[in-house]
Amino acid sequence: MLFDTHTHMDAPEFEADRDEAMARAVEAGVTRMVNIGFNRETIPTTLALADKYPFVYAAIGWHPVDAIDMQEGDLEWIESLCAHEKVVAIGEIGLDYHWDKSPKDVQHRVLREQIALAKRVKLPIVIHNREAHEDTIRILKEENASEVGGIMHAFSGSWETAKICLDLGFHLSFGGPVTFKNAKQPKEVLEKTPMDRLLIETDAPYLTPHPYRGKRNETAYVRLVAETAAQLKGISLEEIAEQTMKNANKLFGIGS
């Protein structure tokens with residue numbers, strides 16, 4: 001009963017074997033996943049995936065790297081698609097200072113606009129934060145994002161940053177990097193994260209967990225993340241699966 005809260009199974013990397021990869025996920029115990037549509041190309045393919053597979057839900061939004069490409073009407077388009085019965089979150093949205101495609105001021109504006117959108121449609125948000133902890137938290141506070149809450153996707157910050165995010169009502173989601181042997185900080189943060197705020201993900205086809213690091217990631221590998229989380233928490237895989245499923249269902253408003 002595993003819930004992969006962040007995956008991109010519509011990505012071109014799965015063009016040749018998507019159905020087989022989905023079958024492997026089910027075989028690994030995955031019963032629910034949220035696929036992320038993050039720009040003009042991937043929002044329609046995400047919704048198509050949710051329409052095809054009963055266990056796939058959708059998050060839709062505009063990625064910070066692509067913020068510069070957002071045109072007039074795109075925000076209204078996303079808002080209209082939130083009426084789809086399987087859209088459960090706005091995302092992934094946020095800030096990314098690693099790539100320099102979109103200027104910071106544009107990223108900030110697009111993030112603020114989408115937090116306001118999430119409030120209008122009453123959906124949680126999925127936050128992408130890469131090398132932008134301070135500004136991300138500042139904007140979440142200024143925009144009162146705690147009204148809708150959401151997920152700090154692929155959380156990579158310190159415990160001090162984690163505590164601020166938890167105080168804002170957000171969940172922390174961990175993926176493949178927490179399985180790496182040298183991932184001291186992510187392991188420490190996961191260990192301290194309250195059980196009712198913990199989520200697991202793959203971010204497939206990216207961030208592949210050990211022992212498949214360097215190869216294509218897929219949703220089936222969320223089981224490896226769950227196993228690591230169970231070890232760090234000192235509990236069983238079944239307990240981790242049950243709790244993270246419960247957390248995700250509650251956050252996304254999905255019936256058990």
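1. Lys 187, Leu 190, Glu 191 and Lys 192 of α7 touch Thr 228, Ala 229, Leu 232 and Lys 233 of α8 (contact being heavy atoms within 4.5 Å; helices being DSSP runs of H or I, at least four residues, and strands runs of E, at least two, numbered from the N terminus). By class, three nonpolar, one polar and four charged residues make up this contact.

2. A word on the model: it is predicted, with local features needing pLDDT of at least 70 and side-chain atom pairs pLDDT 80 or more, while totals for chains, interfaces and linings use all residues. Residues are numbered from 1 along each chain, and side-chain values use heavy atoms, without hydrogens and water.

3. Helices α7 (residues 184-192) and α8 (residues 222-233) pack at about 70°, with axes 9 Å apart (axes are lines fitted to C-alpha atoms over the stretch in contact, and angles run from 0 to 180 degrees between N-to-C directions). α7 is therefore roughly perpendicular to α8 (65 to 115 degrees).

4. Now the largest pocket (an open set of 1 Å grid points with protein on both sides within 12 Å along at least five of seven lines; lining residues have an atom within 4 Å of a point). Its lining has 23 residues, with His 128, Arg 130, His 153, Asp 203 and Leu 207 nearest the centre. β5 gives the largest share, three residues.

Technical notes: On a 1 Å grid over the protein atoms alone, a cavity is a set of points where a 1.4 Å probe fits but cannot get out, and a pocket is an open set with protein on both sides within 12 Å along at least five of seven lines; lining residues have an atom within 4 Å of a point. Angles under 35 degrees count as roughly parallel, over 145 as roughly antiparallel, 65 to 115 as roughly perpendicular and the rest as oblique. Ala, Val, Leu, Ile, Met, Phe, Trp, Tyr, Cys and Pro count as nonpolar, Asp, Glu, Lys and Arg as charged, and the others, Gly among them, as polar.
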